[in-house]
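Please read the following briefing alongside the sequence and the 3D structure, which are shown first.

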Amino acid sequence: MILLEWLQYPFVWSYQQTVEKLSLPKQKIFWAYVFLFIPLIFFLYIRIYPTIQAFGMSFYDWNPLAVEQEFIGFDNYAEIFEDVQKPALTSPTRAAFENTVKYVVIGMPLQLVLSLSIALMLSEIRRFVDFYRVIFFLPFVTSTIAVAWVFRWLYQPQHGLFNVVLAAFSLPTQDFLDSRGQALFSILAVVIWQGLGFAVIIFLAGLKQIPRTYYEAAEVDGSSRWQSFWNITLPLLNPSIVYLVVLQTISFLRMFAPVLAMTSQGDGGPLNSTTTVVLRVFREAFGTRSKMGYSAALTVVLFAVILMVTIIQLRLTTRSVD
Amino acid sequence: MDAAQPAMVNTPEQVPQTISNRKRQTVIYRAFSYLVLSLIGLTMVIPFVWMISTSFKDATEIYRPNFFPQNPTTDNYEEVITDTALPRWYLNSLIVAVMTTISVAFFDSLAGFVFAKYQFPGKRAIFLLFLSSLMIPTEMLIIPWFIMSVDPPIGATWVDTYWGIAFPGVITATGVFLMRQFMQSVPDELLDAARIDGVSEFGLFWRIVIPLSLPAIGALSIFNFLGNWNAFIWPLIVTSDLNMMTLPVGLQFFSSENGADWHLIMTGASLSVVPLLIIVIVFQRYIIEGITLTGLKG
């Protein structure tokens, strides 16, 4: 603290010469700009400028090894459009879009329903609430990479715990991550497992906001638990639900680390069956081909989708306020 | 108010029956909840237990499905710690997470303070500019960031440096927004009184607003620390030197190199996960508060 006061000394002289002559409101304006200077530079240079740059790069056949980058207009977008029309087996881009839609459409509702059920049960009980809450929460704070490798071990065809258990009950063992049909769902299960605790906490906070008197009044009027849930809990929980729908949709749209860590060589296999848009961005830009322009165009498409989701959210939330 | 009172409107014989029905229902619901929650709790814990159990088995025993190793060994731990750069990855993760957290705590608070307590031309525009960055997915920025890091404005290269790993996270829009919300509750009269006493504008921030905002800063810091500790995609891209990798990047590298050595992979995973889990269990209250406050991951 003393150090910080010393640091002010070089400014004191010029401050007395110039700033102190200003009126108090103007002095405040001066300091507001001084305080915001570094954050403003940061947001302009590290966030906004690279965004514009990504847009720009998507119009170039950008290759980091080339001396000069060639402007190709909308060719990258045309290439994405062509790739999307090919069959998923041969076109990783097509597979990536297909799978990403699957992750969102299956994963998001499943996670929402599961976490809401857990939160409702947690609000039902009186003891050990903190205990359960921290247990559900542990996977969320664990590194996705560690979690992914633990599940890869559990999913092992011969010696993994899941198949050992299946065999113990004389059930047929499964290929899980090695199967084209099951791999996507095996990865999805891990992602849902890991994210559950977060959604539970958001729902619990939302449930706490609902006044108990509403339920008591409904009870007196003879409404059943199910009716109370449908007529009180769900409508009043709407802000939490909308918030989580948007947040989880965006996070499933951005799936990357679990797929990289849970497929062999991180290729989104077997045969493109688990690959995602962001994994393609990573592979195309930083793989052997270094197609950075094409990758940048993919991120622009991703950005457009996320923007749409956010705008829909803003529409929904402002309506619920009216 | 007594909840049973309005029930007097009902016919007398109806009331006791519905209430006792309710009570019975509640007991059943509770029992059911405890049962299901315990089962779900088990599925949350078993993968961790299995991970730790495998890490104490030797190469021959890992394929046997017993929960408790028959000949528990710490050889795996010795091997992973001495033969890999894992201690170094730990240090790297720690340095990056501490660096960004201190920076975020300071700059997010400062910017939040300005947006909460000052009126100046362009305030709305600058605030919207900060917020708009929330809508940009990190994935869109990694390619330009990488090009910037290879040929940076300051220094020779940011690839394989701490600054290179940390720079995207040194100020966060969510943090600025959170601190602004929190600091709006600091009374203006308090600040004006301090101004009359000759406290400088920075002094107001440092000596009055910061101490009053410690709970929010604490939540933001813990949350930010966890986010940076687990950050993956950017550290993966900006590091190629084994000695500059962070823990998740190193773990991914190490595990893909040791395909079938599950006892070593699970040891690496245990080493990277368990200390953090202990911290989380100790600080769970603050972390959960922080989540409800900020509500965003990473």
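**Helix contact between the chains**

Leu36(A), Leu40(A), Phe43(A) and Ile48(A) in helix 2 of chain A meet Ile126(B), Leu129(B) and Phe130(B) in helix 4 of chain B, where contact requires C-beta atoms, placed from the backbone, to lie within 7 Å. This is a predicted model, in which local features need pLDDT of at least 70 and side-chain atom pairs count only at pLDDT 80 or more, whereas totals for chains, interfaces and linings use all residues. Residues are numbered from 1 along each chain as its sequence is written, while chains are lettered from A and ligands numbered from 1 in the order in which they are written.

- Helix 2 (residues 24–57) of chain A packs against helix 4 (residues 123–132) of chain B at an angle of about 45 degrees, with the axes 10 Å apart; helices are DSSP runs (H or I) of at least four residues, numbered from the N terminus, and axes are lines fitted to C-alpha atoms over the stretch in contact, with angles running from 0 to 180 degrees between N-to-C directions.

**Interface of chains A and B**

- In total, 75 residues of chain A are in contact with 75 residues of chain B.
- Helix 2 of chain A supplies the largest share of the side of chain A that touches chain B, 20 residues.
- That side of chain A divides into 56 nonpolar, 11 polar and eight charged residues.

**Domains of chain B**

- Chain B is divided into domain 1 (5–55) and domain 2 (78–294), with bounds from an automatic or database domain assignment.
- The C-alpha centres of domain 1 and domain 2 of chain B lie 39 Å apart.

Technical notes: Helix = DSSP H or I, 4+ residues; strand = E, 2+ residues; numbered from the N terminus. Contact = placed C-beta atoms within 7 Å. Nonpolar A, V, L, I, M, F, W, Y, C, P; charged D, E, K, R; others polar.
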